[in-house]
Amino acid sequence: MKKTIILLSMNLLLLSNLFSQKEPEATEVWFPEARVVTPADNNAPPSDAIVLFDGKNLKEWSSINNDAAAEWNVADDCMTVTKGKGNIKTKREFGDIQLHLEWRTPAVIESKGQGRGNSGVFFQERYEVQVLDNYENKTYSNGQAGSIYKQHIPLVNACKKPGEWQTYDIIFTAPKFNKDGIKVSAAFLTVIHNGVLVQNHVEIKGTTEYIGQPQNVAHGKASIVLQDHSNPVSYRNIWVREL
Ligand code: MG
């Protein structure tokens, strides 16, 4: 009798488990919860963003060379490359991030190819997403706007005309190195240019070199760098979210 009751209750338990697995609630996850971030209109920073440039000053930036004050020109709510002042970098250092920035190449066309509105956004001071005026301006495909310089051609050319503001929304996953300095996980980049996907989670092979092969020397968090390539490219509305 006792054995029959035990077998019966076991069967009931199995039946109830079988039944519950068929309920939609069985696959609902309620914890942990996604925290609330308040978005903003017109590409303004969301509530958890770190603002790196709001058009007013360069207090979040320094010169790449000697940690001195960044000397690019700030006027009309944007910063502009001042030829010869060199690359600038964020004082903060970052790992995985989402970055928003807006850039504008000169309206007056004075050159062609790589000489027309050249600048760049370097992640961790090493990995460049090219900034270039490629509106009806041909250059090597893996060096045009939206390319990962010398590594990945953009899926499409989404450039606006010179003199118009353009947006980059970029997701960067940092590389990982073990304690022996060996890279155990590659960096990845996703780039959206003017709302158009141009790099879809592409693997970064190492540093984006002008000449030579990508390098993979171990490093940790590092700055975002904007390039002085002698052309007066402007930037505005720069913010980042740490991931
Ligand atoms: Mg460049």
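Figure 1. Strands are DSSP runs of E with at least two residues, helices are runs of H or I with at least four, and both are numbered from the N terminus. Phi of E125 is near 65°, a positive value in a residue other than glycine. E125 is partly exposed, its relative accessible area being 31%; buried stands for under 20%, exposed for over 50%, and partly exposed for values in between (1.4 Å probe, protein chains only). The model is predicted: local features need pLDDT of at least 70 and side-chain atom pairs count only at pLDDT 80 or more, while totals for chains, interfaces and linings use all residues. Residues are numbered from 1 along each chain as its sequence is written, and side-chain values use heavy atoms, with hydrogens and water left out.

Figure 2. N237 is not a glycine, yet its phi is positive, at about 50°. With a relative accessibility of 18%, N237 counts as buried.

**Figure 3. The cis peptide bond between F31 and P32.** Omega of this bond is about 0°. P32 is located in the loop between α1 (2–21) and β1 (50–53).

**Figure 4. Protein donors of the magnesium ion.** Donors are N, O and S atoms within 2.8 Å of the metal (3.2 Å for Na, K and Ca); water is not among the atoms, so sites may look incomplete. N118 (OD1), S119 (O), E128 (OE), Q130 (OE1) and Q227 (OE1) lie 2.2 to 2.5 Å from the magnesium ion. Their spacing in sequence is N-S-x8-E-x1-Q-x96-Q. Q130, in strand β8 (residues 127–131), and Q227, in the loop between β14 (225–226) and β15 (234–242), link distant parts of the chain, being 97 residues apart. Both Q130 and Q227 are buried.

**Figure 5. Lining of the largest pocket.** A pocket is an open set of points on a 1 Å grid over the protein atoms alone, with protein on both sides within 12 Å along at least five of seven lines; a 1.4 Å probe fits at the points, and lining residues have an atom within 4 Å of a point. The largest pocket has a volume of about 180 Å³, taken as the space filled by probe spheres set on the points, which are joined across faces, edges and corners. Among the lining residues are N118, E128, Q130 and Q227, and Y140, Y149 and Y210 also belong to the lining.
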